[in-house]
Amino acid sequence: MASKGYVFQHDVFSARNLELLHIDDFLTFFKPMENLDLHNGTSFNIELKNDDLRLKINPILIYAKIKDASNIAQLFKEGYEGTYPYKEYEEEQEIKKMISSGKYKFVLFKTKLNEIIGTVKFLLDFKAKRGYSGGLVVKKKYRGKIDMVKAYVGSLVLVWSTYKNEVGLWYGEARTAHSNVQYLSALCSAKPIGFYPNKDVFLNKTESDLMLITYNQDTLKKNRRKNVPRILPEIVNCFLYSDNRYDLGSFELTNPKLHLDHVKLTDLQNMIIRSVKKHEFGYETIKLSYKGSKSYFTFLFTPQVQNFEKTKYEVDNLEELFVFVQEFKRCARELEVRYCEAFISAYEPEHQKIFLDLGLTPRGYIPSWQYDQDKGCFEDHVLFNYYEGKIDKNIQLIEEGVELIRILKIDDK
């Protein structure tokens, strides 16, 4: 039985006039609500002046249990008409594994008659002190009838407050086919910070996404690396966009010349090894390495959407990285990949220069993106990516997204 919940009397969403900059601001604003019970079910009872919202279903919010896996899989199948590219979310047994792992939390939206009508997922990475919010889906017949402010915002309040001491930042990806998730996320302090042109395929159509992010204040201030970022001129606009929001402080502008040993480059090109590890549902982890070296460059290939992501590397010198990135692009051509990305350290301008020179473009400055356990601090990174094809001219963006696209000077090829 769902708990009654606390009635929060505030016309918080009648207009976007709240400046909730950090997770702390968001959770402080909703502090009276944070102890509601997601395990047994609760409604998020915010009183709004908007009559249209009052007429909509205020769902019961509850954590999914293993027995709910079949319903969750069906939501994804129905919501995307069987075309959802990440097929594990259409499989009951995979959903069960996710819930059992403890790393995934699915919040269900239920009617008073106990019908599951939607869900949103959260992925927890305590080692990286990072959380992912996404996978919002609602049954077709309830779209427009459910109060998404109370469903989505309520879920974020309750999950984020539970893990506020373990998770330093929350991020997600928002489709640009519509702006609903962008708008709701911005109300919760998660706003656009990076652009993924033509990254995804939904309903058999290529789409671009926005990277959304929000931070605990300590993640950006107290626990952020103290070194001044060193960035290329091509990254300055991205930095200033993020700085305008988060007051990041100074940076060092640099444009290093790469003095690469061409003999070493030739040797490395002849020594490179490419290995592929195939996973369920079509995923492939591709690893580049050199014979007799511990250096590596790995990334995830998702054939369903023809993209490369989750890039990681360690190298001993610039020549190794240069050849790795050359091979990265060669793999993309061979596999007819439309989109590839990498997050590059904001303190390594020579690395930035290599990715830039080999055809990737900076499309977001992400402060405190990765947590370095050895140093005990978060480090800034720059989102670099490459895409093929035309960007849909009818993409839907909230104000911050429009400004980001303007700053990035996105144009079709």
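**Strands S5 and S6.** I looked up how strand S5 (residues 104–110) and strand S6 (residues 116–125) pair in this predicted model, and found an antiparallel pairing over seven bridges. Two strands count as paired if DSSP finds at least two bridges between them. Strands (E, at least two residues) and helices (H or I, at least four) are DSSP runs, numbered from the N terminus. I noted that Phe109 stands opposite Gly118 in S6.

**Basis.** Residues are numbered from 1 along each chain as its sequence is written, and side-chain values use heavy atoms, with hydrogens and water left out. The model is predicted, so local features need pLDDT of at least 70 and side-chain atom pairs count only at pLDDT 80 or more, while totals for chains, interfaces and linings use all residues.

**Strand S7.** I followed S6 to S7 (130–138). S6 and S7 pair in the antiparallel sense, again over seven bridges. I found Val138 in S7 as the bridge partner of Gly118. The hairpin of S6 and S7 has four residues between the strands, and Lys129 there takes a positive phi near 55°. I checked burial too: eight of the nine residues of S7 are buried, buried meaning under 20% relative accessible area with a 1.4 Å probe, protein chains only.

**Strand S8.** S7 pairs with strand S8 (residues 169–175) in the parallel sense, over three bridges. Tyr132 has Tyr171 in S8 as its bridge partner.

**The sheet.** I wrote down the strand order as S2-S4-S5-S6-S7-S8-S10-S9, an open sheet of eight strands with mixed pairing. Strand S2 (42–43) and strand S9 (191–202) stand at the edges with a single partner strand each, so one side of each has no neighbour in the sheet. Helix H3 (residues 69–79) packs on the sheet and touches S5, S6 and S7; its direction makes about 105° with that of S6. Helix H8 (residues 236–246) also packs on the sheet, touching S9 and strand S10 (205–215), and its direction makes about 130° with that of S9. Contact here means heavy atoms within 4.5 Å. Axes are lines fitted to C-alpha atoms, for helices over the stretch in contact, and angles run from 0 to 180 degrees between N-to-C directions.

**Helices H9 and H10.** I looked up helix H9 (residues 262–271) and helix H10 (residues 318–334): their axes come within 9 Å and cross at roughly 50°. Lys264, Leu265, Leu268 and Gln269 in H9 meet Glu319, Glu320, Phe322, Val323 and Gln326 in H10.

Notes. Buried means under 20% relative accessible area, exposed over 50%, partly exposed in between (1.4 Å probe, protein chains only).
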